[in-house]
Amino acid sequence: MSVDASPRPNALPQDPIKVLYILGVGRSGSTLLDTLLNELEGFFSMGELRALWADTLPNDRRCGCGVAVSRCPVWVDVLDGAVTNWRSPATVRRLRHAQRAVVRQRHLPLLLRSNHGDGPQTHALQAIASAQAAILRGVARVTDAQVIVDSSKIPADAALLATLPGIDLYVLHLVRDPRAVAYSWSRPKPRGDGPDPTESLPRYSSATSTRKWVEFNLCAHLIARKVGPSHYLRVRYEDLLRDPPSSLQRIVTFVGASGVNPPVAGSTRTVSLGTNHTVSGNPARFQRGVIELREDTRWRVAQPLRDALTVSLLSAPLMFAYGYDLAPPIQRTKIRSRGRS
Ligand SMILES: [Zn+2]
């Protein structure tokens, strides 16, 4: 949604605030989904909010609107009202350390036991929880959004949001074929949002990215148990790109948004992207104008067979559960060719 950043002193955030959290492993198409959701009336995509203290502010990264987050009128308005002295390096450092101390996979059991502030409390947990809650209230106040989208994707982070009072958390578990994910992590990719134009995103081996894929997806099912079936939805990237209107309508219905029409309809494969205010994410968040929605299938022909087999071996039970064909695409092609001859 487009945002008028002028002050709204009389605007009160709805209570509770609906947050749609995209959970899953990186390179699953979450940035594309995030920017598509931002086009829905009443939706506001924050990008990966978890990166705000850890990376965006310390490295002066750009907002999706093109200017630094520290100068974006929307985020300045949100942060001015949410966090005292948020520009101070000491504040950024304090919240970064608090987040690192609490929002970790090994603390997931502790976070899952917490329930709207009545679970085990530490100083770090209180600090980062109150900051995140204040920011979400600030976004609701500044944007008037009926649904706020956070594409941070981290299970421990989702568990933290699930503990916040006044937040109605909807978890969208985004899944993509782990071979496509592994191929994407193996490729060089420029960051494109910091002062250094040569900076690239990290690269991982197929084994490393797949271990993360398995871990995050298993944890997503723990988060699903915490939020309950009415607040959990699993969407496959491949299904989203195969039929964008139906998938987006499914998400709109899931969060109970009323009177919202997807930005694509019928058999249309194109969508027009406007400005967004994402604080972090894949460089695709800077795309503007008309884009074609098409599944990225380069991995099917370019991924080495050894990598595809490694991925399938490490993730076979979950791949099967999510409906992915375990046979390597190249192998399938050979079998089909043999069958025809
Ligand atoms: Zn912005």
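1. Buried means under 20% relative accessible area and exposed over 50%, with partly exposed in between (1.4 Å probe, protein chains only). The model is predicted, so that local features need pLDDT of at least 70 and side-chain atom pairs count only at pLDDT 80 or more, while totals for chains, interfaces and linings use all residues. Residues are numbered from 1 along each chain as its sequence is written, and side-chain values use heavy atoms, with hydrogens and water left out.

2. A salt bridge (a side-chain nitrogen of Lys or Arg within 4 Å of a carboxyl oxygen of Asp or Glu) joins Arg-61 to Glu-199, at 2.9 Å from N to O. This pair links distant parts of the chain, 138 residues apart, with Arg-61 in the loop between α2 and α3 and Glu-199 in the loop between α8 (178-186) and α9 (206-227); helices here are DSSP runs (H or I, at least four residues) and strands likewise (E, at least two), numbered from the N terminus. Glu-199 is partly exposed because its relative accessible area is 25%, whereas Arg-61, at 3%, counts as buried.

3. The structure holds 10 salt bridges, and another of them pairs Glu-48 with Lys-153, whose closest N and O atoms are 2.8 Å apart. Glu-48 lies in the loop between β2 (43-45) and α2, and Lys-153 in strand β3 (residues 147-153), 105 residues apart. Both count as buried, Glu-48 at 10% relative accessibility and Lys-153 at 6%.

4. Arg-294 and Glu-292 also meet through their side chains in a salt bridge of 2.4 Å, N to O. Arg-294 is exposed at 54%, while Glu-292 is partly exposed at 49%.
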